[in-house]
Amino acid sequence: MKLTTKNMTLTAALIAMGLILPTLMHMLAAGTVLLPMHIPVIIAGLLLGAPYGALCGLILPYLSSLLTGMPPLFPTAIAMSLELCAYGTLTGWLYRNVKWSIYPAMIASMLGGRAISGIANAILMGIAGRAYSLEIFLTAAFVTGFPGIVIQLSCIPALVLALQKTRFFETPARRIGTI
């Protein structure tokens, strides 16, 4: 991992974005539908790599919980922290190290993060004595958040590619294809 002032500063800016976007979306009662905290984490993984994406995803839910009260610390922020850490790690690793193109890297990380979320929620909800089933998992992971998934898959690739064209970010060598 290349630890640079630029990467640390950009990670902090993406964490700030991850605190502001959910606050704005919750004002519109759309936070759980649009998944605004996921966006900067995925961007961090794609632009800065797995370690920075992991860090962004790991601490963002805890900071948000402490600063805004959303999400509740237990069990939601803990499960989200693991989920978002997986997003940041997987997008960064698949896109920058394995050299997958952006869409497969994002889709695989979204599936992996949701799997981690399901496992974490099953354990944490069990500890909390709350019901958690496959139906609850599928509804929360794919049905409720479907608009957020569409936004992520339509906006993030365009933004990342535009930012990479500025040459401010290192562009990983691609196999075949631009996206």
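User: Thanks. How do the axes of helix α5 and helix α6 come together, and at what angle do they cross?

Analyst: Happy to start there. First, this is a predicted model, in which local features need pLDDT of at least 70 and side-chain atom pairs pLDDT 80 or more, while totals for chains, interfaces and linings use all residues. Residues are numbered from 1 along each chain as its sequence is written, and side-chain values use heavy atoms, without hydrogens or water. The axes of α5 (residues 73-97) and α6 (residues 102-128) come within 8 Å and cross at roughly 155°. Axes here are lines fitted to C-alpha atoms, for helices over the stretch in contact, with angles from 0 to 180 degrees between N-to-C directions. The helices themselves are DSSP runs (H or I, at least four residues), numbered from the N terminus.

User: What makes α5 and α6 roughly antiparallel?

Analyst: Angles over 145 degrees count as roughly antiparallel, under 35 as roughly parallel, 65 to 115 as roughly perpendicular and the rest as oblique. The crossing is at roughly 155°, so α5 and α6 are roughly antiparallel to each other. Their crossing is right-handed, a term used if the near helix is turned clockwise from the far one by less than a right angle.

User: By class, which residues make up the contact of α5 with α6?

Analyst: There are 21 nonpolar, six polar and two charged residues in that contact. Nonpolar covers Ala, Val, Leu, Ile, Met, Phe, Trp, Tyr, Cys and Pro, charged covers Asp, Glu, Lys and Arg, and polar covers the others, Gly among them.

User: Why is α3 called roughly parallel to α5?

Analyst: The axes of α3 (residues 38-48) and α5 come within 7 Å and cross at roughly 30°. That angle makes α3 roughly parallel to α5. α3 passes α5 in a right-handed crossing.

User: How do you know that the length of α8 agrees with its number of residues?

Analyst: The expected span of a helix is 1.5 Å times one less than its number of residues. The 20 residues of α8 (residues 146-165) should therefore span 28 Å, and the end C-alpha atoms are 29 Å apart, which agrees. Helix α1 (residues 5-27) has 23 residues and reaches 33 Å from its first C-alpha to its last, close to the 33 Å expected.

User: Where does α8 bend, and by how much?

Analyst: α8 bends by about 25° at Cys-155, and Pro-157 follows within four residues. The bend is the angle between axes fitted to the seven residues ending at a residue and the seven starting there.

User: Why is Met-25 counted as buried?

Analyst: Buried means under 20% relative accessible area, exposed means over 50%, and partly exposed is in between (1.4 Å probe, protein chains only). Met-25, in helix α1, has 18% relative accessibility and so counts as buried. Other buried residues of α1 include Leu-10, Leu-14 and Pro-22. In α8, the buried residues include Ile-149, Ile-156 and Val-160.

User: Is Ser-109 buried or exposed?

Analyst: Ser-109, in helix α6, is buried, with a relative accessible area of 0%. Gly-126 also lies in helix α6; at 48%, Gly-126 is partly exposed.

User: What makes the phi of Lys-99 and Arg-167 worth a comment?

Analyst: Most residues other than glycine have a negative phi. Lys-99 has a positive phi of about 70° although it is not a glycine, and its place is in the loop between α5 and α6. With a relative accessible area of 28%, Lys-99 is partly exposed. Arg-167 has a positive phi of about 65° and lies in the segment after α8; its relative accessible area of 75% makes Arg-167 exposed. Just after α1, Ala-29 takes a positive phi of about 60°.

Definitions and conventions: Helices (H or I, at least four residues) and strands (E, at least two) are DSSP runs, numbered from the N terminus.
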